[in-house]
Amino acid sequence: MEKRTSCSVQTSTNCDNSLETLNSAHQATGAVQMRIKNANSHPDRQSQTKSMILTDAGKVTEPISRHRRNHSQHVLKDVIPPLEHPMVEKEGYLQKAKIADGGKKLRKNWSTSWIVLSGRKLEFYKDPKQQALPNVKPRPNAESVDLCGAHIEWAAKDKSSKKSVFQITTASGNEFLLQSDIDFLILDWFHAIKNAIDRLPKNPSFGSLELFSFQRSSSSEQPSHCHIDRKEQKPENRKSFMFRLHHSVSDTSDKNRVKSRLKKFISRRPSLKTLQEKGIIKDQIFGSHLHTVCEREHSTVPWFVKQCIEAVEKRGLEVDGIYRVSGNLATIQKLRFIVNQEEKLNLDDSQWEDIHVVTGALKMFFRELSEPLFPYSFFERFVEAIKKQDSDAKIETMKSLVKSLPPPNHDTMKILFGHLTKIVAKAAQNLMSTQSLGIVFGPTLLRAENESGNVAVHMVYQNQVAEFMLTEYDKIFSSEED
């Protein structure tokens, strides 16, 4: 009985001791010392001890460091999510020209650049090898453009004569021109950059922490004013890219379809001769055969030649450099078009007031004849005649050759050289001698069908024939009736 009583007393004593121990532990607020080793520290660095307090909920609360930099990191860590390295949205070669720096105009100088679009930045490199790698400092020769607050638009014609050019103007006053000859490529770049600009705020505010993203460097944190949620933009970019890809593929198929249809049309179209026989296309004045023009007009001298000669003799005999000075080519082509369309022509009209336009059109008419005024079959005979040393024999040979020409060639030649003799008569005023006119008209009126020989020698004889025809005009055409 005594033994059982002693055991119960001992048991109660042990229980009281345990309760006292638990109460003392509870009053000590449960402070524990926990020794941890920093995994990111240097191997030689001593392990550091941090106090960790166990709350009633069982959570672990990190102590606030008194270091200034650490304090800022802890405060902003919960407010702003860490910024990942910007993703490259687009890259490739384009033609680039910087035309303004901080509002100051620069001389435009085009160069090929490797362009990288990532987030809010547009970077220019000479080639892909110079592109900066992630978390690596950009190279000094790489140019970066901040798209925040920038403006993009298609460049006006006064900015560049190139096609497919758009301009980027930054908030700091820098202006860039980007260009490519590939239409769908430059269009794709335009929309990509425009989408990137539209995602960024137009007027960034320093007061809103929600727009802050911190870019960490080796020495300090640099706040930027644009925060981009790229995860939300990715599906939209994919849809836009797929739309553009489908659009470019459809454009290519349409172009191929148009090309095949054009090839079929060209292969099936009738020949020029067939169209002329049916009367759909009429023979033109310029570029036709002299016989064809005269036959259609029922004359031996084309009416256009007569009109030009009359206009020059009326108001151009004393003009300096007549037939030597060239007129405005665009106006000459306009006159040519009117004549070919068989429209009414009045050379006294104010638009033809420049007499050099009239003389230029007349020279063009003779130059574009399918066969020159001196027919191909007579070329060698006229050259042999001009080589004769005896003057009388030369005149008689020339006279015989001219008389044997077809009526359209003979009559047109007579009226033309008769007109040129009047030009020579006014040489004191217009400074056009027989030699000058021979140089102008020789290669135009007389040329070989196949220029296989010495062209320089032929040119000498061409000039000499034209000059001799002017000098001995009266003798060559003396016994002929007008």
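Modeller: α10 and α11 are roughly antiparallel to each other, a label given to angles over 145 degrees, while under 35 counts as roughly parallel, 65 to 115 as roughly perpendicular and the rest as oblique. Helices (H or I, at least four residues) and strands (E, at least two) are DSSP runs numbered from the N terminus.

Biologist: What sort of model is this, and how are residues numbered?
Modeller: It is a predicted model, in which local features need pLDDT of at least 70 and side-chain atom pairs count only at pLDDT 80 or more, whereas totals for chains, interfaces and linings use all residues. Residues are numbered from 1 along each chain as its sequence is written, and side-chain values use heavy atoms, with hydrogens and water left out.

Biologist: Back to the helices: at what angle do α10 and α11 pack, and how far apart are their axes?
Modeller: Helix α10 (residues 379-386) packs against helix α11 (residues 391-403) at about 165°, and their axes are 9 Å apart; axes are lines fitted to C-alpha atoms, for helices over the stretch in contact, and angles run from 0 to 180 degrees between N-to-C directions.

Biologist: Which residues make the contact?
Modeller: From α10 there are Arg381, Phe382, Ala385 and Ile386, and from α11 there are Lys394, Thr397, Met398, Leu401 and Val402, where contact means heavy atoms within 4.5 Å.

Biologist: New topic: where does Glu153 sit, and what does Glu153 touch?
Modeller: Glu153 is found in strand β9, and, leaving aside neighbours within four places in sequence, Glu153 is in contact with Phe166, Gln167 and Phe190. Leu177 is 24 residues from Glu153 in sequence, and the two are 9.9 Å apart in space, C-alpha to C-alpha.

Biologist: Is Glu153 buried, exposed or partly exposed?
Modeller: Glu153 counts as partly exposed, at 36% relative accessibility; buried means under 20% relative accessible area, exposed over 50%, and partly exposed in between (1.4 Å probe, protein chains only).

Biologist: And what about Tyr323, where is that?
Modeller: Tyr323 lies in the loop between α7 (303-315) and α8 (329-340), and has a positive phi of about 70° although it is not a glycine. Tyr323 is also buried, with a relative accessible area of 0%.

Biologist: Last one: how many disulfides are there?
Modeller: The structure holds zero disulfides, a disulfide being a pair of cysteine sulfur atoms within 2.5 Å. As for cysteines, Cys148 is buried at 7% relative accessible area, and Cys308 is buried at 0%.
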